[in-house]
Amino acid sequence: MNKILILDFGSQFTQLIARRMRELGYYSFVLPGNASLSRIREFDARAVILSGGPASVYETDSPQPAEGFFEYVANSNLPLLGICYGMQLMVQHGQGEIRPAHKREYGRMKVRTLGDSPLFSGIREFEAWMSHGDETTRLPAGYRLSAESVEGAVAGISHETRAWHGLQLHPEVTHTEHGIQILRNFLQGCARLEADWKMSSVIEEQIAKIRALVPENAHVLCALSGGVDSTVAATLVHRAIGDRLHCVFVDTGLLRYQEGDRVMKLFTESLHLPVMRVNAEARFLSKLAGVEDPERKRKIIGAEFIAVFDDAATEIESIIGVKPSFLVQGTLYPDVIESSPAPQSGTGASHSHTIKSHHNVGGLPKDLQFQLIEPFRDLFKDEVREIGRTLGVPESFIGRHPFPGPGLAVRIIGEVNKENADLLRAADEIFIQMLRDEGLYPKIWQAMAVLLPVKTVGVQGDGRTHAKVVALRAVTSQDGMTADFYPFDLGFLGRVSTRICNEVRGINRVTYDITSKPPATIEWE
């Protein structure tokens, strides 16, 4: 397989690079920028990309690849692409010069190509997204200028004899004209690699891995949340090991309106999965009583999920005589990225910062009694949806919006209790149903209502009310790593607001969140 390795130096766009590689038909994977040479060799990449990052290469303690990295890439004859900070690392290694720019380039800029670099084949002038405060003031020996901005700054460099190229722009973002073509040119024209990655091969590979991992006498527990990811994961594992899979659907009391009944019908009637339903509302709400910090919520929920599964495993053992020793989760690549630890000096940790601990990643207890099976840990949401379609999961379910594992707990800002959960459930159901009724649901990546920890004065039924506020959020996205708010017609928002305030006793005000990701996350907590 023609695998592409991406070394991450802290750019907000690193995961977009990985996403674009996969769109083009190449398996890609992200490692920390300072990953060891042994780890890099083990991945056995056919090309390497160095991401951007917020640091300056000339600063003390600036992020650097492992010692000997460039020599390894050169001796292995690997194609190399440096993007933004990644290009500056290439310049620095080649004894070129990087200095603070006299004029910072940020946003859309015109770029013109020079010469005949295969990186820009078929492209002469284009608008590119820039985000840098440093510039190359002297090229390293062996490199030539391949593109420059209208301001005359270095925008692209190419090595004279190696398939090494650098870009001071970001081809991975949609704001860059011909960005996908530039990346395709690198993979096919410079690296001469054929696209050979597809979903069907992922299914075959994961089934083989699961069968090799799970002994023939072992049983597996699957944590079903009712969402797309865990459902597709369960379907895949069931195909691999059959009735040795035991699914547990935990009703935490933090699910959407009538969610439990709806998903159980899907599991039993459409997918024919063996499912045990556990009503654990009182258990979860008691653990969350008085807790307002979102990180604590996630960790409490993660730990309680495992405790519930452990009890379920004991019950299953009493029936079949064997206690399940493996646990399946629908963990996705963005979950892992957002839960990655903040960098610590000297540890070799990621240059990325923790955004939030997903309950199934950062919220898991250290003394976990199960061995994890996470077949989608390296995949994005839309890739999992494609796998689900291939496995026969109904389209009506595959197209559902993402729903967080901690459920409404991270959509209730402040204390989580049954009263707040019921209020939010009712408001959210009105919003989602109106999206469906007016044909808007398929156009949106994720939509939700969020209960705010404030009360406002209102007038309802000719009387004064002092009630709670709901915020609505709806975004468009390709992979959940970046997102834009959906530009609803104000008339639609007005109709939703009227229904919520009229039908949900305890709410008298509705707002709409118009923040994109970044700077915000899709969920509020």
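A salt bridge here is a side-chain nitrogen of Lys or Arg within 4 Å of a carboxyl oxygen of Asp or Glu. The model is a predicted one, so local features need pLDDT of at least 70 and side-chain atom pairs count only at pLDDT 80 or more, while totals for chains, interfaces and linings use all residues. Residues are numbered from 1 along each chain as its sequence is written, and side-chain values use heavy atoms, with hydrogens and water left out.

By that cut-off, the structure holds 31 salt bridges. One of them joins Asp116 to Arg144, with the closest N and O atoms 3.8 Å apart. Asp116 lies in the loop between β5 (97-113) and β6 (125-138) and Arg144 in strand β7 (residues 143-149), so this contact ties together parts 28 residues apart in sequence. Helices (H or I, at least four residues) and strands (E, at least two) are DSSP runs, numbered from the N terminus. Asp116 counts as exposed at 64% relative accessibility, whereas Arg144 is partly exposed at 22%. For these labels, buried means under 20% relative accessible area, exposed over 50%, and partly exposed in between (1.4 Å probe, protein chains only).

Another salt bridge pairs Glu259 with Arg256, the closest N and O atoms being 3.3 Å apart; both Glu259 and Arg256 are buried. Asp310 and Lys323 also form a salt bridge, again with a closest N and O separation of 3.3 Å. That pair links distant parts of the chain, with Asp310 in helix α10 (residues 294-320) and Lys323 in the loop between α10 and β13 (326-328), 13 residues apart. Asp310 is partly exposed at 26%, and Lys323 is partly exposed at 33%. Then there is a network of salt bridges that links Arg19, Arg22, Asp382 and Glu383.

On the aromatic side, the structure holds 14 aromatic pairs (rings of Phe, Tyr and Trp, the last by its six-membered ring, with centres within 6.5 Å; planes under 30 degrees apart are stacked, over 60 edge-to-face, the rest tilted). Among them, Phe9 and Tyr85 make a tilted pair, 5.7 Å centre to centre with 45 degrees between the planes. Phe9 sits in the loop between β1 (4-8) and α1 (14-23) and Tyr85 in helix α4 (residues 85-93), 76 residues apart. Phe9 is buried at 2% relative accessible area, and Tyr85 is buried at 1%. Elsewhere, Phe431, Tyr486, Phe488, Phe492 and Tyr512 form one aromatic cluster.
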